[in-house]
Amino acid sequence: MSAKAKGEFDRLREIFARLGPRAGELGDDCALVPLGGTTLALSIDCSVEGVHFRTDWLTFEEIGWRSAAAALSDLAAEGAEPVGVLVSLGMPGGASHGAELMDGVADAAQTVGAKVLGGDLVRSEQYLVDVCVLGTAARPVRRAGAQEGDGVWVTGRLGGAALALAGFRAGRRPGGSLGRRYSHPEPRVAAGRWLAAQGATAMIDISDGLAADAGHLATASGVALEIALERLPCWEGVAPLAAAASGEEFELLVTLPATFNAKAEFELTRIGECVRGGGVRLLEGNTPVALPAGYDHFAPS
């Protein structure tokens, strides 16, 4: 396989292999570091102009919020309680929107009880917001851990992010709750902590799309995930298959023991189960459906 043909996860596997024993446990939503009587959860997420956001679509406050929310969503997937964020900010030399960007970062962090703890500011050719998040986890939930017989559940409704993105691409800024879904996504921190306390066996946030992220969880856990399309909670006007492909949803995909029957105070839907085997099986009735591709930063153009 040529370097040009390598996808994002081929490149990651190459990096992991090169690091070898010099690295810790890689490939999950957060790094975990035992610290005294608790566990420190850390993650980092970089948002780049022209890749993750456009300044003609969003305000700088909205760009800051989205960048922080994407990183905080990793803590949610771990069942962690956020403590703070560190931000490396890159800005063109003539730009003057750093304070607005950081307003958005701070507002997003504040909604989950975190503070801005510091960062770095550099000159760059385009805007870049690199957010490192720190939290603590009493009972961390990894991508590995799902067992045969576990139920597969998802928070919220899916497809809103893709629907809003289609509007922007068509030259129409979406308004109301759909617009806010895109400009101010909510990291499901409280839901993640509740699910961890309920005995979640594995969890991941939906950033690349439900189908793709279910595949990551299945691979880490060594099970297959069977998901019924008709059970997917979809945003109004979004077909189930489109909802399964929609990225940057920042909802949580979680597996829970078959005995789980607690009542959540947020939207939580059972969409399938874990079975013997590997990979993801999307079903429409009893008929398998081809998996939609997830987002890949290095997908062939």
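**Salt-bridge tour**

The count comes to 17 salt bridges, a salt bridge being a side-chain nitrogen of Lys or Arg within 4 Å of a carboxyl oxygen of Asp or Glu. This is a predicted model: local features need pLDDT of at least 70, side-chain atom pairs count only at pLDDT 80 or more, and totals for chains, interfaces and linings use all residues. Residues are numbered from 1 along each chain as its sequence is written, and side-chain values use heavy atoms, with hydrogens and water left out.

**Stop 1.** Select D10 and R13. Their side chains form a salt bridge at 2.9 Å, N to O. The two are three residues apart in helix 1 (residues 8–19), about one helical turn. Helices (H or I, at least four residues) and strands (E, at least two) are DSSP runs, numbered from the N terminus. D10 is partly exposed at 27% relative accessible area, while R13 is exposed at 52%. Buried means under 20% relative accessible area, exposed over 50%, partly exposed in between (1.4 Å probe, protein chains only).

**Stop 2.** Go to R66 and E248. This salt bridge spans 2.7 Å, N to O. R66 sits in helix 2 (residues 60–78) and E248 in the loop between helix 8 (240–245) and strand 9 (252–256), so the pair ties together parts 182 residues apart in sequence. R66 is buried at 8%; E248 is partly exposed at 26%.

**Stop 3.** Now pick E78 and R142. They meet in a salt bridge at 2.7 Å, N to O. E78 lies in helix 2 and R142 in the loop between strand 5 (128–136) and strand 6 (151–155), so the pair ties together parts 64 residues apart in sequence. Both E78 and R142 are buried.
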